[in-house]
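Hi,

Here is the structure I promised to pass on.

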Amino acid sequence: MKFIDPHIHMTSRTTDDYSRMREAGVVAIIEPSFWLGQLRTNVGTFNDYYSSLIGWERFRASQFGIKHYCTIGLNSKEANNEELAEQVMDLLPRFALKEGVVGIGEIGFDEQTKAEEKYFRQQLDLAKELELPVQIHTPHRDKKKGTSLSMDICLEHGLDPEWVIIDHNNEETVKEVLDRGFWAGFTIYPNTKMGNERMVEVVKQYGSKNIFINSAADWGISDPLAVPKTAALMQKRGIDQKDIEMVTYKNALDAFGRSGQMKEEDWETEQEIDLTEKFSGNSVLRGEQLPKNASSEEDILIK
């Protein structure tokens with residue numbers, strides 16, 4: 001099977017993760033802009049971060065046979081620093097139409113403050129102007145209230161729900177999201193939020209229309225193989241193969257493919273990988289390392 005992980009923070013992951021993901025069938029990923037574990041203090045750090053998403057990280061993924069896309073946005077946590085947020089808003093249009101950018105995100109609410117709402121609305125207007133999908137982060141606290149409010153504001157700004165991905169859903173929010181015609185993303189985190197056992201029950205109850213799953217794997221306890229592992233559990237639990245494909249591959253492609261930046265032929269065309277290739281003078285190899293398929297040593301040996 002082929003998989004798309006439509007929400008994963010690979011900046012926080014290692015090359016081993018890329019290798020394992022590709023071996024498990026992941027062919028494409030989307031990396032949303034997010035905060036880095038602590039608040040940034042100047043606009044230059046945002047500029048460099050966005051540049052890395054469309055540059056180095058896109059290259060790094062390609063070295064393991066994975067197509068990397070991203071969404072660009074001001075995250076809700078950092079929207080509360082209004083002086084800095086104003087400067088970041090000036091940056092966004094410079095990156096939003098770059099190659100590989102498939103939406104504005106992840107944006108939305110954290111503490112559901114007035115400042116968060118202000119910049120959420122501004123970014124919705126930017127997405128509408130640029131005709132890009134929107135990827136929305138729903139809050140960890142008061143999730144149902146924040147999810148409903150996010151959808152209300154999207155409709156108020158005239159966005160078509162088919163262009164809006166509401167992420168980090170759970171059993172409390174999914175019905176309203178689907179009933180209102182939005183895409184419902186589910187994050188599969190170990191021991192919290194949505195485990196894949198719970199995800200199986202969601203698909204059994206609601207089917208596969210407008211639903212897809214992701215790992216959101218970041219710098220915390222998370223699993224970059226959450227999508228293929230959930231597909232395997234769905235098979236074991238008797239979910240129809242077509243439904244599995246929809247929630248682990250096709251729906252994400254349909255939702256983000258509206259950007260015009262993401263097409264199936266991007267990864268279906270066979271491309272030779274050269275691990276000696278460099279980006280800004282840097283490769284994924286170190287020292288005298290050889291590409292994995294060029295080494296005659298056993299995998300267990302470290303020389």
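**Around helix 9**

The buried residues of helix 9 are covered by a set of elements that includes strand 1 (3–5), strand 2 (26–32), helix 8 (196–206), strand 8 and helix 10 (241–256). Bear in mind as you read on that this is a predicted model. The residues of helix 9 that come out as buried are Ala-226, Val-227, Pro-228, Thr-230, Ala-231, Leu-233 and Met-234. After helix 9 comes Gly-238, which has a positive phi near 85°.

I also looked at how helix 8 packs against helix 9. Their axes come within 10 Å and cross at roughly 60°, so the two helices are oblique to each other. The crossing of helix 8 and helix 9 is right-handed. On the helix 8 side the contact is made by Asn-196, Glu-197, Met-199, Val-200 and Val-203, and on the helix 9 side by Lys-229, Thr-230, Leu-233 and Met-234. Sorted by class, this contact has five nonpolar, two polar and two charged residues.

Ser-215 sits in the loop between strand 8 (211–214) and helix 9 (226–236). Is Ser-215 buried or exposed? Its relative accessibility is 0%, so Ser-215 counts as buried. The Ser-215 side chain makes a polar contact with the side chain of Asp-5, at 2.6 Å. If you ignore neighbours within four places in sequence, Ser-215 is in contact with Asp-5, His-7, Ile-8, Thr-187, Ile-188, Tyr-189, Asp-223, Pro-224, Ala-226 and Val-227.

Ala-216 is in the loop between strand 8 and helix 9 too. With a relative accessible area of 1%, Ala-216 is buried. Not counting residues up to four places away in sequence, Ala-216 touches Asp-5, His-7, Ile-8, His-9, His-168, Thr-187 and Tyr-189. One for your backbone checks: Ala-216 has a positive phi of about 50°, although it is not a glycine. Most residues other than glycine have a negative phi. As for distances, Ala-216 and Asp-254 are 38 residues apart in sequence, and their C-alpha atoms are 19 Å apart in space.

Which other residue has a positive phi although it is not a glycine? That would be Gln-112, with a phi of about 60°. Gln-112 is placed in the loop between strand 4 and helix 5. Its relative accessible area is 19%, and the cut-off for buried is under 20%, so Gln-112 counts as buried.

There is also a cis peptide bond, joining Gly-105 and Glu-106, with omega about -15°. Most peptide bonds are trans. Glu-106 belongs to strand 4 (residues 101–108).

Gly-105 turns up again in the surroundings of Gly-73. Gly-73 lies in the loop between strand 3 (67–72) and helix 4 (82–96), and at 2% relative accessibility Gly-73 counts as buried. Apart from its neighbours within four places in sequence, Gly-73 is in contact with Ser-33, Tyr-50, Leu-92, Gly-105, Ile-107 and Gln-123. The C-alpha atoms of Gly-73 and Gly-260 are separated by 18 Å, with the two glycines 187 residues apart along the chain.

**Helices 5 and 6**

The other helix pair I went through is helix 5 (residues 114–130) and helix 6 (residues 143–156), whose axes come within 10 Å and cross at roughly 45°. That angle makes helix 5 oblique to helix 6. Helix 5 passes helix 6 in a right-handed crossing. Helix 5 brings Glu-117, Phe-120, Arg-121 and Leu-124 to the contact, where they meet Ser-150, Ile-153, Cys-154 and Glu-156 of helix 6. By class, that gives four nonpolar, one polar and three charged residues.

Last one: Thr-147, which is in helix 6. At 1% relative accessibility, Thr-147 counts as buried. What does Thr-147 touch, not counting residues up to four places away in sequence? The list is Thr-138, Pro-139, Ile-166, Thr-173 and Val-177.

Cheers

Note on methods
Residues numbered from 1 in each chain as written. Predicted model: local features only at pLDDT ≥ 70, side-chain atom pairs only at ≥ 80, totals over all residues. Heavy atoms only, no water. Helix = DSSP H or I, 4+ residues; strand = E, 2+ residues; numbered from the N terminus. Buried < 20%, exposed > 50% of the residue type's maximum accessible area, 1.4 Å probe, protein only. Polar contact = N/O pair within 3.5 Å; in protein donor to acceptor, adjacent residues only side chain to side chain. Contact = heavy atoms within 4.5 Å. Axes fitted to C-alpha atoms, helices over the stretch in contact; angles between N-to-C directions. Parallel < 35°, antiparallel > 145°, perpendicular 65-115°, else oblique. Left-handed = near helix turned anticlockwise from the far one by under 90°. Nonpolar A, V, L, I, M, F, W, Y, C, P; charged D, E, K, R; others polar.
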